[in-house]
Amino acid sequence: MEFLVDFEVNIPDGTPESEVRDRESAEATAASELVEQGRLRRLWKEPRANGEARILGLYRADSELALEALLGALPLAEWMHVTVTPLAPHPNDPLEGRPGKKQAMSAPLPSPRVTRVYRLEAALGETLDLGDTPDGHRRIVPLDGGTFTGPELSGKLLPGTSADWQIVLPDGTALGDIRYTLQTDRGDLLYVQSRGVRHGSPEVLARLGRGEEVDASEYTFRTSTRIETAAPDLDWLNKGVFISVAGRQAGGVIYETYLVA
């Protein structure tokens with residue numbers, strides 16, 4: 001059976017923002033799992049003038065009782081008021097198709113979700129400015145050390161094997177080829193390669209160039225990242241797709257790296 005579910009979420013006054021973020025993140029994860037199980041078919045959002053939104057979902061369950069149990073297990077369930085409308089098949093439903101006709105894909109692909117793997121805070125060495133090469137204005141920025149921490153991994157960055165080989169475009173945009181070696185607290189080595197871009201307004205990039213402290217929200221610094229390791233129990237890193245959000249500091253750089261699932 002299919003059901004149209006109208007959601008209204010009311011967050012209790014005084015709820016900490018951290019709890020709201022955690023529940024919303026868990027809700028997104030739960031929705032992706034329901035999509036993979038074939039229980040959540042579609043979601044729609046109707047924006048409203050007050051900045052809120054009405055959420056409609058198309059669910060599939062064996063019965064209303066089964067749907068009630070499914071919705072009651074959602075992370076935001078206790079903040080939700082839902083209206084459920086059972087749906088019956090229509091003989092002219094185009095998704096049913098006709099013999100010999102190609103069926104349309106009825107289930108959406110799962111939405112990506114991210115999980116933080118580690119936060120690396122690295123110290124920067126003296127920049128080597130090679131000048132204008134055939135590939136562009138080349139700079140090499142050594143990473144002279146640092147530490148990383150995360151839910152499952154922590155350790156240090158090894159100096160001498162880590163740097164950012166940059167190309168700087170005429171408008172100040174920096175294209176990064178970032179390679180560094182991490183050592184976990186138990187001695188496992190991780191080889192990390194990132195391709196990144198840092199861009200912003202001319203005024204903000206000029207402040208960064210002078211070594212001033214600039215809030216990371218004033219510019220964009222993102223990377224796509226690969227991680228290699230020979231540690232058997234960390235083999236999941238070799239198979240992962242990662243992105244990083246970065247921020248430049250006076251004398252340092254921060255990379256927060258996330259696994260994309």
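What span should the 21 residues of helix H1 (residues 17-37) have at 1.5 Å a residue, and how far apart are its end C-alpha atoms? The expected span, taken as 1.5 Å times one less than the number of residues, is 30 Å, and the end C-alpha atoms of H1 are 30 Å apart, which agrees. This is a predicted model, in which local features need pLDDT of at least 70 and side-chain atom pairs count only at pLDDT 80 or more, while totals for chains, interfaces and linings use all residues. Residues are numbered from 1 along each chain as its sequence is written, and side-chain values use heavy atoms, with hydrogens and water left out.

**Helices**

- Helices (H or I, at least four residues) and strands (E, at least two) are DSSP runs, numbered from the N terminus.
- In H1 the buried residues (under 20% relative accessible area; exposed is over 50%, partly exposed in between; 1.4 Å probe, protein chains only) are Val20, Arg23, Glu27, Ala30, Ser32, Leu34 and Val35.
- After H1 comes Gly38, with a positive phi near 80°.
- Helix H2 (residues 64-72) buries Leu67, Leu70 and Leu71. These cover an arc of only 95° around the axis, which puts them on the same side of H2; the arc is that of the directions from the helix axis to the C-beta atoms.
- On the face of H2 turned away from its buried side are the exposed residues Leu65, Glu68, Ala69 and Gly72.

**Nonpolar cores**

- A nonpolar core is a set of buried Ala, Val, Leu, Ile, Met, Phe, Trp, Tyr and Cys residues joined through side-chain atoms within 4.5 Å.
- The largest has 29 residues, and Tyr118, Leu120, Tyr180, Leu182 and Leu237 have the most contacts inside it. Among the elements giving two or more residues to this core are strand E5 (114-124), helix H3 (202-209) and E14; E5 gives the most, with 5 residues.
- A second, separate core of 17 residues includes Ala30, Tyr59, Ala61 and Leu67.

**Salt bridges**

- The whole structure holds 17 salt bridges, each a side-chain nitrogen of Lys or Arg within 4 Å of a carboxyl oxygen of Asp or Glu.
- Arg21 and Glu17 form one of them (4.0 Å, N to O); both residues are exposed. Being 4 residues apart in helix H1, they are separated by about one helical turn.
- Glu121 and Arg119 are also bridged (3.0 Å, N to O). Glu121 counts as partly exposed at 41% relative accessibility, as does Arg119 at 29%.
- Arg226 pairs with Glu228, with the closest N and O atoms 3.7 Å apart.
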